[in-house]
Structures are given as C-alpha cells and as structure tokens.
Amino acid sequence: MRASDAHKFQEGKKSPLAVAVGRMDPSPAAAAAAAYGGKAADAYRRALGTAASAAAYAVLARSMAREMLPDELRAAVRWGASLVSARLGWGRRERRTLVVRSHAGGGGGHEDNNLLFDAAQTYLTSRLDPRAMRRLGLTVSKARDDGGGDGWRARLFIEPGDSTTDVFDGVEFTWKSVPLPAGEKKAKSGELSADGDRDFLLELSFDAEHTATAMERYVPFVMKTAKETQRRERGLKICMNEGRMWYIINHHHPATFDTLAMDAALKQSIVADLDLFTKRRDHYRRIGKAWKRGYLLHGPPGTGKSSLVAAMANHLRYNLYDLDLSHALSNLTLQWLLLATPNRSILVIEDIDCCCDAVVRDGDGSKTPPPPPPATREDEDNDGDSSDYPHSPPPRRGNAPAKHKPNENQVTLSGLLNLIDGLWSASSDERIIVFTTNYKDRLDPALLRPGRMDMHIYMGYCGWEAFKTLAHNYFLVDDHPLFPEIQELISQVEVTPAEVSEMLLRCEDADVALRGLVELLVEKKKQGRRDVQQ
Ligand SMILES: Nc1ncnc2c1ncn2[C@@H]1O[C@H](COP(=O)(O)OP(=O)(O)OP(=O)(O)O)[C@@H](O)[C@H]1O
C-alpha cells in the first residue's frame with residue numbers, strides 16, 4: 001500500500017470493505033468479516049504509528065548529530081558508509097571490459113599486430129603523468145633529434161598490474177596492463193618492442209552505459225591521436241625519382257618557419273594556409289574538389305624557395321617527393337611516379353621553367369630563353385662562351401641532361417598538368433604540390449591560370465626583417481651597434497638571404513661576421529652605382 005493510500009485510510013474514511021458491510025444485512029458471516037477487517041485496520045494503525053515514531057527519531061538523531069558532531073567526524077562516518085556500500089556492492093554500476101591483446105589472432109608476424117594495442121601504448125605514453133602515478137615503466141630508445149643527429153626518446157608505460165584512468169567527454173575510461181597468463185606468454189626475442197616486452201595485455205574498462213561512446217568515439221579517438229603522435233615522431237623522408245622508381249632517403253633539412261628569413265606577415269599567412277588546408281577534408285568533399293593545394297614559389301636564386309619547401313614539410317610532417325622531370329622520360333613514367341605518391345606528401349617540381357616545355361613560346365614556336373645570368377668574373381674571362389646559354393640553361397641537379405625539343409613520348413607541360421589535375425588528384429588525398437621558378441613571368445599561362453596554383457609566393461631579396469631573423473638564427477643577437485648601418489645599406493641594395501647567410505656563416509664572432517656583411521653591402525652599393533653609370 002502506498003503511503004498516500006495509508007494516509008487516507010488512517011483519516012477514518014471507511015474502507016471499501018466497511019462500506020460494503022454497512023449496506024448489507026448483518027449476517028454472522030458478515031459480522032465475522034467485519035470483526036476481521038477491524039483487527040487488520042488496528043494492526044495497520046499500530047505499524048504505522050511505529051514507523052512514524054522511527055522516522056521522527058531518525059530526524060531527531062540526524063539534527064542532534066548535526067548539532068553535536070564536528071564536520072570531520074560526520075565526513076568520516078559518510079566515508080565509512082560509502083566504503084561498506086562499495087564492499088557490499090550496493091549502487092555499483094555495471095562495467096564492461098575490452099581486452100586488447102598485442103596480436104590480432106592471425107598467423108603471427110608484424111602484419112598480425114593488433115593496431116589498437118600499439119596505438120593505445122602510444123596514446124597512453126602521452127597521457128601518463130609521472131607526477132600523478134607512483135609507479136611507471138620507462139624506456140629510452142635511439143631516435144633522430146630535430147637536426148637529424150643521433151638522439152634518444154623516452155617513453156612511459158603502465159607496468160603490468162597497474163592501471164590509469166583517462167577522461168574523454170566526461171566519461172572515465174580505465175586502462176589496465178595485465179600480465180599474460182603463463183600459457184599465453186610469447187617470450188620470443190623477436191616480439192620485444194621498444195616499449196618493453198609484450199608479455200601483457202591491456203584492458204579497457206568503463207561503465208556499461210558508455211559502451212557506445214567507447215566503441216564509436218573513444219577507440220577511434222585513441223587511434224587517431226596515436227597516429228598523429230607517430231607521425232610527429234617519425235623521421236621524414238625525401239624521395240627522388242629514377243625511371244619509374246622513387247628512391248627514399250632520410251630528410252633532415254633543418255629549415256623551419258622559425259629559421260626562415262622572410263616577411264613576417266607572408267610567413268604567417270603561409271602557415272595559416274597550410275594549417276587550414278590540413279583541417280578541411282570535409283570542406284573539400286562537400287565542394288567536390290580533390291583535397292590538394294598548389295603553391296608556386298618564385299623569386300631570384302638564393303632567396304629561400306627550397307628552404308620554404310623544407311619548412312613546409314617539417315611543419316606538416318609530410319614526406320617530400322622531389323620530382324626531376326628530366327628523369328621521367330615519358331608521360332607514362334610520370335603517371336607511374338604520380339600514382340606512387342601517397343597521401344600526406346608534398347610533390348615538388350623545382351625550376352619548372354627549366355623543365356619540359358613550361359616556358360612561353362614565341363611566335364615561331366621557339367622557347368623564350370631565360371634572361372642571361374649576371375656577368376661573373378669567369379664570364380668576362382671566357383669571352384663569348386655565354387653564347388650557348390639559351391640552348392643549355394643551367395642544369396638542375398648538376399647532371400641533368402641538356403634540354404631538347406620534346407617528342408611525342410616526352411613529358412610535356414600539358415601532360416604534366418593533365419596528370420596532376422586528373423589522375424594524381426583522384427588517386428589519393430591531402431597532398432600538396434609545389435612548383436618553384438626563378439622566372440615566373442616566363443612561365444606558360446596554363447601553369448599560372450587561376451585555380452591551378454592556389455597560392456603564388458614571392459621570395460624576395462633580403463629585407464631588414466629577414467636580416468634580423470638571420471642574425472638571430474646565427475648569433476642569437478637581436479641588436480648590435482652595426483645594425484643601423486646594415487639597415488640603411490640593406491634597403492639600398494639587392495642582396496639575397498643566401499648571400500647574407502654565407503657572410504654570417506664565415507665567422508663565429510658576430511662582430512667580425514657583421515663587419516664582413518657591411519663590406520659586402522657597401523661593395524654591392526658601389527657596384528649598383530657603376531651599373532647605373534654605364
Ligand atoms: N629566406 C631564407 N631564410 C633562411 N635562409 C635562407 C633563405 N634563403 C636562402 N637561405 C640560405 O641560402 C641557402 C640556399 O637557399 P635556397 O636553396 O633555399 O634558395 P632557393 O631560392 O631555392 O635557390 P634556387 O632558386 O637557386 O634553388 C639555404 O640553404 C639557406 O642557408
């Protein structure tokens with residue numbers, strides 16, 4: 001009976017049974033029934049009275065306790081009560097546990113690795129806090145440092161038997177490392193990993209009500225975070241083509257956006273553009289465009305175009321695919337090479353003006369030659385030799401074959417652009433293509449038309465801001481007595497960041513190196529005046 005019903009009953013209103021009795025003749029059976037009903041009502045009234053007194057006592061005891069017991073004592077009593085409740089299992093939530101073994105259960109070998117096991121270890125390494133846990137495993141393994149030199153990497157992991165709790169979207173997930181049962185141990189040396197041996201499995205447990213969150217959101221989040229971490233830690237590669245093959249070597253170019261000497265606003269806009277690009281997978285899908293981005297870097301030699309490409313690769317942690325078109329002998333070979341470039345890579349074609357037929361043609365069909373290089377002492381000595389310059393522009397990698405008119409099979413600009421727009425764009429995602437040139441104004445308009453290269457970036461001569469970056473890179477100086485003179489000179493002459501770098505590299509003493517730079521700038525200024533007079 002509900003309390004409200006009992007309450008109604010207690011107020012003396014007749015029970016359904018009593019009402020029925022009142023309306024019928026008082027037969028012996030009815031009288032007996034009435035007597036029984038009265039007894040039941042009395043017993044009920046008594047029980048209710050007892051309950052009411054017990055409740056009153058409880059309220060009284062609680063208010064007395066509040067008055068008389070100190071807060072600390074009451075907290076201790078509460079804690080004791082919760083401990084007892086936990087021991088007895090009162091109010092305990094139902095839990096689920098996912099067992100994550102190191103192997104997927106196939107035939108063994110590396111292909112059989114359980115990707116979640118590896119990902120969870122990587123993920124947990126970044127989540128474990130040695131200040132918060134009393135005991136942790138630690139391994140130190142060889143790794144390349146940022147400059148490509150020998151370094152080391154420390155990794156934390158949960159020791160078998162220990163556990164840690166991670167919170168994701170307000171839900172607690174407990175990871176526990178559990179020693180493998182004796183029968184399951186695989187103590188073969190070949191199965192040892194950098195994170196310690198794998199004689200353990202991982203258990204992921206959570207409240208049963210959060211099973212969907214665990215399976216649909218948390219596990220994918222762990223996989224994704226671990227992938228990002230691995231990508232950041234992985235050494236970069238630079239791939240160079242020979243025939244249909246890419247040859248891979250480690251990429252340790254130290255250029256970063258911090259070391260790059262260029263206009264600060266331009267630098268910032270490039271970084272922002274790259275960052276936005278990497279986040280826009282859904283955007284590209286929605287607008288029905290391939291997820292790729294093209295950059296055309298142009299400017300005089302030695303202004304940092306190659307350094308910018310390296311900085312992009314280091315920033316995005318993408319491998320570089322440096323495509324030498326003179327080694328891709330036909331459009332078919334090019335097709336193979338492009339198809340073999342994976343997601344998250346940067347395809348670079350340097351000095352595009354020197355490759356295939358990318359320069360504009362004159363009316364007679366001949367290519368417009370690039371302007372002759374500035375006269376050098378050797379040119380002056382070797383009088384007349386520069387006459388063959390238009391037919392043999394400077395080779396790209398020192399041993400690149402001299403250019404000749406493309407034939408049917410040879411790589412052509414239109415072939416290259418068609419492949420890039422078609423096959424290359426459709427075959428994978430998140431790729432960047434970079435063309436560099438010293439002579440943008442001489443490029444075929446097909447390469448320059450809107451939509452082809454998303455960003456045209458001019459890398460110019462060394463300005464004051466760029467010089468300050470270089471001075472800081474080389475000597476960690478932000479000010480020097482020679483700075484005003486250098487600022488004045490640098491605004492009057494054309495000097496490339498490469499030339500400035502070379503002067504700063506000559507001597508470890510900042511005073512001497514900066515003095516040498518001043519001399520170079522003064523000499524350039526004089527030379528400029530002479531050129532104007534002639
Ligand atoms: N903007 C810059 N910031 C920092 N260092 C630079 C910059 N430009 C040039 N350098 C220095 O000069 C060297 C050559 O520069 P880099 O090869 O990047 O120039 P480039 O424009 O690609 O030249 P090229 O057109 O001849 O290929 C670099 O290794 C670097 O030391």
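Which residue stands opposite Asp322 in β10? Met240 does, in this predicted model.

**View 1. Parallel pairing of β10 with β7 and β11.** Strand β10 spans residues 319-322. β10 pairs with β7 in the parallel sense, over 3 bridges. Met240 is the residue opposite Asp322 of β10. Strand β11 covers residues 345-349. β10 and β11 also run parallel, paired over 4 bridges. Within β11, Val348 is the bridge partner of Asp322.

**View 2. Buried leucines of helix α10.** Helix α10 runs through residues 331-339. Leu334, Leu337 and Leu338 are buried there. They lie on the same side of α10, because they cover an arc of only 95° around the axis. An α-helix has 3.6 residues a turn, so residues three or four places apart point the same way.

**View 3. What the buried residues of α10 pack against.** Two of the partners are β7 (236-242) and β8 (245-251). Helix α12 (413-427) is another. β7 also takes part in the parallel pairing with β10.

**View 4. The shell around the ligand.** There are 15 residues around the ligand. Pro301, Gly304, Ser306, Pro497 and Ala498 come nearest. α9 (305-316) and α16 (497-505) are the elements that give two or more residues to this shell. By class, the shell holds 7 nonpolar, 7 polar and 1 charged residues.

Conventions
Residues are numbered from 1 along each chain as its sequence is written. This is a predicted model: local features need pLDDT of at least 70, side-chain atom pairs count only at pLDDT 80 or more; totals for chains, interfaces and linings use all residues. A residue is near a molecule or strand if its C-beta atom, placed from the backbone, lies within 6 Å of it. Ala, Val, Leu, Ile, Met, Phe, Trp, Tyr, Cys and Pro count as nonpolar, Asp, Glu, Lys and Arg as charged, and the others, Gly among them, as polar. A residue is buried if 20 or more other C-beta atoms lie within 10 Å of its own, exposed if 12 or fewer, and partly exposed in between; C-beta atoms are placed from the backbone. The arc is that of the directions from the helix axis to the C-beta atoms. Two residues are in contact if their C-beta atoms, placed from the backbone, lie within 7 Å. Two strands pair if DSSP finds at least two bridges between them.
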